[in-house]
Amino acid sequence: MKKTLSSLLACAFAMPVAVWAQGGPQGGGQGPSGTVEAGERKVAMCIGCHGIPGYQASFPEVHKVPMIAGQAAGFIAASLTAYRKGDRRHPTMRSIAASLTDQDIADVSAFYAAQGRVEGTSVPATAAAPSSTAVAALLQKGACVSCHGNNFNTPIDANTPKIAGQHADYLFVALKAYKTDAKPLVGRSNPVMAGQAKQFSNAELKALAEYIASLPGELKTVPQERLHTAGR
């Protein structure tokens with residue numbers, strides 16, 4: 001029998017999740033552990049965008065906000081920490097992340113990661129080959145599977161995202177952000193992803209984003225009303 005979201009979250013409430021496997025947000029030791037129960041009380045600023053299916057942001061261009069339910073806790077924590085430090089420069093996310101402590105980030109990350117635990121479901125171990133030989137060549141050039149996994153849903157470490165099934169328009173905007181330098185409100189500082197993204201044209205990045213978005217994955221958007229009732 002499949003479990004409901006509420007029962008899955010209830011089972012996870014007492015399970016602490018260590019979200020900074022690579023030494024904490026500042027790289028100086030094990031980061032705090034988060035819990036789903038604590039995270040549920042801290043996501044009020046998140047659900048207004050990430051809890052509405054199909055919700056669109058308008059900066060730096062119109063695109064769907066990313067699905068984060070089911071994402072790895074380590075990656076959510078790393079992303080929020082990057083916004084807080086200014087390595088990711090989206091102004092709305094920076095202002096939200098600036099208000100969070102390390103413990104808040106750990107709890108929010110644990111909460112959203114737990115929403116991907118669906119018993120009896122799985123994604124293929126290997127992604128379907130793209131129908132376009134051009135996209136296949138781009139994937140080989142970028143060696144995307146070496147970090148994100150052969151199905152783009154099994155990343156090599158806790159700080160690397162699952163990207164299979166993510167919104168294509170968001171993936172495109174995110175990839176372009178790694179190509180953006182010296183702008184105070186736009187762009188992302190990540191030497192690995194910057195090096196990858198800058199070797200492609202925007203048209204090529206869009207083709208990659210559309211292929212990755214077409215793949216089955218664990219990411220989803222949990223509607224607000226379900227967030228409010230989860231675990232009661």
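Reader: Is Gln71 buried or exposed?
Author: Good thing to check next. A residue counts as buried when its relative accessible area is under 20%. Gln71 has a relative accessibility of 4%, so Gln71 is buried.

Reader: Which residues is Gln71 in contact with, leaving aside its neighbours within four places in sequence?
Author: Let's go through them in chain order. Gln71 is in contact with Ile76, Tyr112 and Ala113, among others. The list for Gln71 also includes Pro161, Lys162 and Leu219.

Reader: How far apart in space are Gln71 and Leu219, C-alpha to C-alpha?
Author: Along the sequence, 148 residues separate Gln71 and Leu219. In space, the C-alpha atoms of Gln71 and Leu219 are 6.1 Å apart.

Reader: Which residue has its backbone nitrogen 2.8 Å from a polar atom of the Gln71 side chain?
Author: One of the residues in contact with Gln71 is the one you want. The distance of 2.8 Å runs from a polar atom in the side chain of Gln71 to the backbone nitrogen of Lys162.

Reader: What about His63: buried or exposed?
Author: His63 belongs to strand S4. Its relative accessible area is 6%, and the cut-off for buried is under 20%. His63 is therefore buried.

Reader: Which residues does His63 touch, not counting those up to four places away in sequence?
Author: Here is another list you can follow in the structure. His63 touches Tyr55, Gln56 and Ala57, among others. Also included for His63 are Asp169, Tyr170 and Val173.

Reader: How far apart are the C-alpha atoms of Ala213 and Tyr170?
Author: Ala213 lies in helix H11, and Tyr170 is one of the residues touched by His63. Ala213 and Tyr170 are 43 residues apart along the chain. Their C-alpha atoms are separated by 9.5 Å.

Reader: At what angle do helix H7 and helix H11 pack?
Author: Two packed helices are described by an angle and a distance between their axes. For H7 (residues 133-142) and H11 (residues 202-213), the axes are 10 Å apart and the angle is about 95°. That makes H7 and H11 roughly perpendicular.

Reader: Which residues of H11 do Val135, Leu138 and Leu139 in H7 meet?
Author: The residues of this contact divide into 6 nonpolar, no polar and 1 charged. On the H11 side, Val135, Leu138 and Leu139 meet Glu204, Ala207, Leu208 and Tyr211.

Reader: How many charged residues does the contact of H4 with H5 have?
Author: H4 and H5 (residues 91-98) pack at about 100°, with axes 8 Å apart, so they are roughly perpendicular. Leu80, Tyr83, Arg84 and Lys85 of H4 make the contact with Met93, Arg94, Ala97 and Ala98 of H5. By class there are 5 nonpolar residues, no polar ones and 3 charged.

Reader: Over which residues is the pLDDT below 50?
Author: The mean pLDDT of the chain is 87, and 82% of its residues reach 70 or more. Where pLDDT is low, the predicted coordinates should not be read in detail. The stretch with pLDDT below 50 is residues 1-29.

Methods:
Residues numbered from 1 in each chain as written. Predicted model: local features only at pLDDT ≥ 70, side-chain atom pairs only at ≥ 80, totals over all residues. Heavy atoms only, no water. Axes fitted to C-alpha atoms, helices over the stretch in contact; angles between N-to-C directions. Helix = DSSP H or I, 4+ residues; strand = E, 2+ residues; numbered from the N terminus. Parallel < 35°, antiparallel > 145°, perpendicular 65-115°, else oblique. Contact = heavy atoms within 4.5 Å. Nonpolar A, V, L, I, M, F, W, Y, C, P; charged D, E, K, R; others polar. Buried < 20%, exposed > 50% of the residue type's maximum accessible area, 1.4 Å probe, protein only. Polar contact = N/O pair within 3.5 Å; in protein donor to acceptor, adjacent residues only side chain to side chain. pLDDT = per-residue confidence, 0-100.
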